[in-house]
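Please consult the sequence and the structure alongside the text.

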Amino acid sequence: LVNTKSLIEVIYNKFVSGEETIGLLNQLDKQYSKSISMLDNLLFWIRSKINGVQIDKKRVPLFQFSENIIHEFLSSLLEKNIEIVNTISEELFVYADVEMLKIVLRNLISNSIKFTPPKGEIKISAEVFQESVHISIADNGLGITRENLEKIKNNKHFTNKGTNNETGSGFGLLLCKDLITAQSGKLEINSVPHQGTTFTI
């Protein structure tokens, strides 16, 4: 937020040219999206610690739901020229807490974008197994080292820079695990360094 305010002051005081202003406005847009996502994460986590996790499961049309979240990342996808392929069936519905599912998918998609190189690809899919649904987000990015997979498994906080030096709080994956577990689900992570990562809910 401090950085956002500084950028606004630079634009307001006309310290930059018109062309540079467009670049700074683009940067502001990305900072805004990142701040909103982080604030959502923090507020949800704080609320769950104070009041306990309140679960309100509803019937969710998974394809359209995931498409709406993908749309939030349009500027980041265009900037890195990353293609997202969504193969979820339009007829597939899941029973889940809407807010929890939104935070989980937003974090996992954001993570994949962060660690996927320019011109990379992310695939989102879902399969039905008896009475459960497996939702997968797979990328061909940097992958996760065995050491960092152990940290995630043991709920240890860490953060790495993305392929365009994107920063993060390191908080998102830990929150995802909590929210998925609260709905009697689990998060599986399969990753090969320099080949990519698949998150499966």
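With which residue does Lys102 form a salt bridge? The model examined here is predicted, and in it the partner of Lys102 is Glu99, with the closest N and O atoms 3.6 Å apart. Both residues belong to helix α5, where they are separated by 3 residues, about one turn of the helix. Lys102 is partly exposed at 25% relative accessible area, and Glu99 is partly exposed at 38%.

The count of salt bridges comes to 6. Another of them joins the side chains of Arg106 and Glu72, at 3.0 Å from N to O. Arg106 lies in helix α5 and Glu72 in helix α3, so this pair ties together parts that are 34 residues apart in sequence. Arg106 counts as buried because its relative accessibility is 8%, under the 20% limit; Glu72, at 38%, counts as partly exposed.

Attention now turns to the interior. In soluble globular proteins, nonpolar side chains tend to be buried together. Here the largest nonpolar core has 39 residues, and Leu101, Leu105, Leu108, Ile109 and Ile201 have the most contacts inside it. Elements that each supply at least two residues include α3, β3, β4 and β5, while α5 gives the most, with 8 residues. Ile109 touches Ile69, Ile70, Phe73, Ile84, Ile124 and Ile137, leaving aside residues up to four places away in sequence.

Ile46 lies in helix α2 and is partly exposed, at 38% relative accessible area.

Key:
Residues numbered from 1 in each chain as written. Predicted model: local features only at pLDDT ≥ 70, side-chain atom pairs only at ≥ 80, totals over all residues. Heavy atoms only, no water. Core = buried A, V, L, I, M, F, W, Y, C linked by side-chain atoms within 4.5 Å. Buried < 20%, exposed > 50% of the residue type's maximum accessible area, 1.4 Å probe, protein only. Helix = DSSP H or I, 4+ residues; strand = E, 2+ residues; numbered from the N terminus. Contact = heavy atoms within 4.5 Å. Salt bridge = Lys/Arg side-chain N within 4 Å of Asp/Glu carboxyl O.
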